[in-house]
Amino acid sequence: MTTAPLAGRLDGLLFFPVTAFAPDGSPDLDTFRAHVRAGVDAGAAAVFACCGTGEFHALTPEEFRDCVAAAVEESAGRVPVVAGAGYGTALAVRYARLAEEAGADGLLAMPPYLVVADQAGLLRHYTELAAATSLDVIVYQRDNAILTPATAVALARTEGIIGLKDGLGDLDLMQRIVSAVRAEGLDLLYFNGLPTAELTGAAYRGIGVTLYSSAVFCFAPDIALAFHHALTTGDDTTVNRLVDVFYRPLVELRARGRGYAVSLVKAAVRRGGLDVGGVRPPLSEPAPDHVDELVLLVERGRALLKEIGA
């Protein structure tokens, strides 16, 4: 773990690696290390290990600890490593402490498991998690963990909570959260956490949310980095062409199967030459013809990069 504050190091494209599994279903740490190493070498600004794309839900605590430790070792301090933490409060705290022991720099706090809590319960959950370790915490808003602006303000006042990742996609709510936190003289890092964040990147930037995670970076880092550069430099022509040719068709393809935000990404990594294995239940493998379509989309995206000299 590095000593520099996490908030100051999260500036760029965020990499959420898949977790590699061997043919017998066990974690394949050597392949996982290669995947992480390739992402860092390609230009990732941070590694978010064992989160949604990394099948956090399917890992035992011991597997989680080993994978986070492997990501920390491969990153070697070049970029920060943020680990997932989730389920009920007691288990979330356990995963948080395992991540800290493994050398992580921070936590991505997943929604609590199953229950639909009120705002007071969500606040208590995240504050107890933040108090359990010295790691900085990013709260992941989605599904059954939707915050009001008042709760976001309370989280911004909580020591150890540095950010809010939005996986809901309600721009009206996010604008009100950003405004409420700012009006109190407080600060949070905000992240666009939708499954293919590039599609809504321009809209989120309009309300001041510039950081985002890129699933595409897992299997086509050249396309992801070209888009990120165009978006951050105001090259609207390139942004729009990549959206039209690659990202919109990708989102439409992803919507054709349940669990494709993970399984289709993992299949694309395999087709790219790194055998990261399949997904664990309850996820299923994507239809082969859908994987073929994704491969063609990547080829089209790369052809566009060559055409525009990106």
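**A buried ring and its surroundings**

Author: Happy to! Let's start with Tyr 247, which is buried, with a relative accessible area of 0%; here buried means under 20%, exposed means over 50% and partly exposed is in between, using a 1.4 Å probe and protein chains only. Before going further, please keep in mind that this is a predicted model, in which local features need pLDDT of at least 70 and side-chain atom pairs count only at pLDDT 80 or more, while totals for chains, interfaces and linings use all residues. Residues are numbered from 1 along each chain as its sequence is written, and side-chain values use heavy atoms, with hydrogens and water left out.

The partner of Tyr 247 is Phe 246, and the two rings form an edge-to-face aromatic pair, 4.8 Å centre to centre with 85° between the planes. Rings of Phe, Tyr and Trp (its six-membered ring) pair if their centres lie within 6.5 Å, and the planes count as stacked under 30 degrees apart, edge-to-face over 60 and tilted for the rest. Phe 246 is buried too, at a relative accessible area of 0%. By this rule the count comes to 10 aromatic pairs. One aromatic cluster is formed by Phe 56, Phe 64, Tyr 87, Tyr 95 and Tyr 113. A ring can also meet a charge: the charged end of Lys 165 sits over the ring of Tyr 140, 4.4 Å from its centre. That label requires NZ of Lys or CZ of Arg within 6 Å of the ring centre and within 35 degrees of the ring normal.

The secondary structure of the protein chain comes to 11 helices and eight strands, where helices (H or I, at least four residues) and strands (E, at least two) are DSSP runs numbered from the N terminus. With a radius of gyration of 18 Å, close to the 19 Å that the globule rule gives for 310 residues, the chain is as compact as a globular protein of that length. The radius is taken over C-alpha atoms, and the globule rule is 2.2 Å times the number of residues to the power 0.38. The C-alpha trace spans about 50 × 45 × 35 Å along its principal axes, and 54% of the 310 residues count as buried.

The strands make an open sheet of eight in the order 1-2-3-4-5-6-7-8, with parallel pairing; two strands pair if DSSP finds at least two bridges between them. Strand 1 (14-15) and strand 8 (211-212) each have a single partner strand, so one side of each is left without a neighbour in the sheet. Further in, four bridges join strand 3 (residues 81-85) to strand 4, with Gly 106 as the bridge partner of Val 82. In strand 4 (residues 106-109), Gly 106 and Leu 108 point one way and Leu 107 and Ala 109 the other, and all are buried. Strand 5 (residues 136-141) runs parallel to strand 6 (residues 161-166), joined by five bridges; Val 139 stands opposite Leu 164 there.

Helix 10 (residues 260-271) is mostly covered, as nine of its 12 residues are buried. Its buried residues, which include Val 262 and Lys 266, pack against helix 1 (29-42), helix 9 (236-254) and helix 11 (288-308). Helix 10 is followed by Gly 273, whose phi is positive, near 115°. Val 262 and Lys 266 are also among the contacts of Glu 55, together with residues including Thr 19, Phe 21 and Arg 280, once neighbours within four places in sequence are left aside; contact means heavy atoms within 4.5 Å. Glu 55 lies in the loop between strand 2 (46-49) and helix 2 (61-75) and is buried, with a relative accessible area of 0%.

Finally, the cysteines. With a disulfide defined as a pair of cysteine sulfur atoms within 2.5 Å, the count comes to zero. Cys 50 is in no disulfide, and the nearest cysteine sulfur, that of Cys 67, is 4.5 Å away. The sulfur of Cys 51 is 7.3 Å from the closest cysteine sulfur, in Cys 50, which is too far for a bond. Cys 50 is buried at 0% relative accessible area, and Cys 51 is buried at 1%.
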